[in-house]
Amino acid sequence: MTTTQTTTVFGAGDYLQRAGSGATSLLVAVRLIVGYWFLHAGWTKFAFVAGEPFDATGYLANAESPIAWLFEIVAGTPWLLEFTNFMIPLGEFLIGLGIILGALTRLAAFFGGFLMVLFYLGNADWAHGYVNGDLMGLLLFAIIGVLATGRVLGVDAAIEDTDFVQQRPWLRYLLG
């Protein structure tokens, strides 16, 4: 009698198993490093850590970028500026935490990519070319989201196995 048993590499899906355990391990490392990068960036902006509340006013008011008009609106609207000052540290921290844990990874990668687009356009010093750290960060978030790295040693793999997600397969687009 012959039985067929499927095995997984670190809980990876079929597409990552075909790539091999080296690629899978690299993707986990990328996910953890990018997650730490954003978790740390958000953590150090919290008032109880930094010693003073985060304030984006100077950055927004003095940005020389293609979207400077948007930044000026945010800087000139008190409630929008307060919302920004609250959401940047919290958003960075939660994005980093989600990516490290591999929980709602695609959703976290989407919002991380969104922030990186704003940072890329806000830091539009392209004197040395268009490729800079912000663009590389955007690329890393795209890799994390597209390749669904949260399914490898992440909480998303366990969440996808629940009956709740099995009955609502569209939720898999947020996971991974």
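Colleague: Why is Glu160 counted as buried?

Modeller: In this predicted model, Glu160 has a relative accessibility of 8%, and since buried means under 20% relative accessible area, Glu160 counts as buried.

Colleague: What makes the contact between Arg151 and Glu160 a salt bridge?

Modeller: The side chains of Arg151 and Glu160 meet at 2.7 Å, N to O, and because the rule asks for a side-chain nitrogen of Lys or Arg within 4 Å of a carboxyl oxygen of Asp or Glu, the pair is a salt bridge. The side chains of Glu160 and Arg172 also meet in a salt bridge, at 3.4 Å, N to O. Glu160 lies in helix H9 and Arg172 in the segment after helix H10, so this pair ties together parts that are twelve residues apart in sequence.

Colleague: Why is Arg172 called partly exposed?

Modeller: Its relative accessibility is 38%, and because partly exposed covers what is in between the 20% limit for buried and the 50% limit for exposed, Arg172 counts as partly exposed.

Colleague: How do you know that H7 and H8 are roughly antiparallel to each other?

Modeller: Helix H7 (residues 105-122) and helix H8 (residues 133-146) pack at an angle of about 165°, with their axes 8 Å apart. Because angles over 145 degrees count as roughly antiparallel, H7 and H8 are described in that way.

Notes
Residues numbered from 1 in each chain as written. Predicted model: local features only at pLDDT ≥ 70, side-chain atom pairs only at ≥ 80, totals over all residues. Heavy atoms only, no water. Helix = DSSP H or I, 4+ residues; strand = E, 2+ residues; numbered from the N terminus. Axes fitted to C-alpha atoms, helices over the stretch in contact; angles between N-to-C directions. Parallel < 35°, antiparallel > 145°, perpendicular 65-115°, else oblique. Buried < 20%, exposed > 50% of the residue type's maximum accessible area, 1.4 Å probe, protein only.
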